Amino acid sequence: MKSASLYRPDLRIAYCGNPLDRCENRRGDEHWLQDASQRGRFLAVRAGKIAVHAGPPLRLCLFDQAQIAPLIKAGADIVFLGVDPDQTPLFAIRAPDDWALPDAMAKATPPAFFIDGRSLALQLSDPRNDQGTSGTAAQALAILAWHRHHRFCARCGAPTESRRGGYQRWCAACETEHYPRTDPVAIMLAVRGDHCLMGRQPGFPAGMYSALAGFVESGESLEAAVRREVHEEAGITIGGVQYIGSQPWPFPSNLMLGFLAEALDDQIVMDREELEDVRWFHRDEVTASLAGTNPSLVLPQSIAIAYHLLRRWLDER
């Protein structure tokens with residue numbers, strides 16, 4: 001088996017650094033998976049939250065097969081995530097909403113508890129603390145959410161069963177194979193001279209603005225999605241489009257694709273059905289907000305790719 005040294009320490013965006021070798025070639029080997037589950041470890045996910053030990057820093061709770069045997073016996077969803085750098089197989093299991101952590105873990109020092117994916121990433125916002133934890137959690141949360149919401153065949157409506165280590169659902173009734181989906185989202189910072197374009201949705205905290213974003217539609221290129229979204233939401237025409245980077249966003253299974261976009265005009269025509277406000281911000285305003293000296297402008301936190309788009313734009317001056 002190849003080395004699992006896939007983690008890149010320079011990936012500083014939350015959810016991006018996953019140290020696991022996903023071992024796709026092992027997913028169809030039931031004998032290997034059975035042996036791996038006996039010697040491996042399990043992450044527990046309950047109601048969209050993952051079990052962790054309190055920090056600092058936080059670390060994922062790892063259960064052996066005996067500790068979660070009742071869940072396995074009850075038919076809980078199980079997914080093979082991969083092997084860690086020490087060659088230990090790692091699985092994720094979905095626990096019922098009323099399942100409680102073992103007393104020994106809940107009352108330990110530090111104690112174990114369940115945490116949602118956003119809070120986990122926020123507490124591990126320093127890459128020195130993360131070391132791939134948020135990336136592993138993102139994989140577990142996204143794939144188990146897919147299982148929870150795709151229990152029936154989209155073609156004939158019959159129940160489906162999990163196969164290939166949890167990366168396929170099979171319909172015996174019509175022999176259709178179903179695979180996990182990832183929904184691409186284009187997120188773009190439109191720029192013109194010393195100004196960038198940001199908007200706010202009605203549910204944002206007071207004073208918060210962020211990069212514009214939207215789902216990539218069927219039969220649409222990423223560049224076309226960037227130009228369409230900016231024009232639909234702000235009435236701005238986009239010329240050149242520069243790809244910056246991507247970020248898994250497991251809520252439930254999006255892939256954020258980040259761009260800088262060249263605005264060819266600056267006259268805003270806002271889509272009031274989606275946004276509460278759209279406006280241009282001078283780079284000095286953005287710089288001051290990131291430095292904590294402009295309280296009137298609240299920007300995305302560092303776990304979001306929008307934050308890194310702003311940083312990239314400022315650094316390119």
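This is a short tour of a predicted model, stop by stop.

Local features are described where pLDDT is at least 70, side-chain atom pairs count only at pLDDT 80 or more, and totals for chains, interfaces and linings use all residues. Residues are numbered from 1 along each chain as its sequence is written, and side-chain values use heavy atoms, with hydrogens and water left out.

**Stop 1: the two domains**

Select residues 22–149 for domain 1, then 181–313 for domain 2; these bounds come from an automatic or database domain assignment. Their C-alpha centres are 33 Å apart.

**Stop 2: where the domains meet**

The buried area between them is about 750 Å², with 75% of it from carbon and sulfur atoms. Buried area here is the accessible area, taken with a 1.4 Å probe, that two parts lose on being put together, summed over both.

Now select Arg118, Leu122 and Ala142: together they supply 51% of the area that domain 1 buries against domain 2, more than any other three residues.

A salt bridge is a side-chain nitrogen of Lys or Arg within 4 Å of a carboxyl oxygen of Asp or Glu.

**Stop 3: a salt bridge**

The model has 17 salt bridges by this rule. For one of them, select Asp77 and Arg94, whose side chains meet with 2.9 Å from N to O. Asp77 lies in the loop between helix H2 (69–73) and strand E4 (78–83), and Arg94 lies in strand E5 (residues 89–95), so the pair ties together parts that are 17 residues apart in sequence.

**Stop 4: a three-stranded sheet**

Three strands make an open sheet, ordered E7-E8-E9, with antiparallel pairing. Two strands pair if DSSP finds at least two bridges between them. Select E7 (161–163) and E9 (176–178): both are edge strands with a single partner strand, so one side of each has no neighbour in the sheet.

Finally, select strand E8 (residues 168–171), which pairs with E9 over three bridges in the antiparallel sense. Within that pairing, Arg169 has His178 in E9 as its bridge partner.

Notes: Helices (H or I, at least four residues) and strands (E, at least two) are DSSP runs, numbered from the N terminus.
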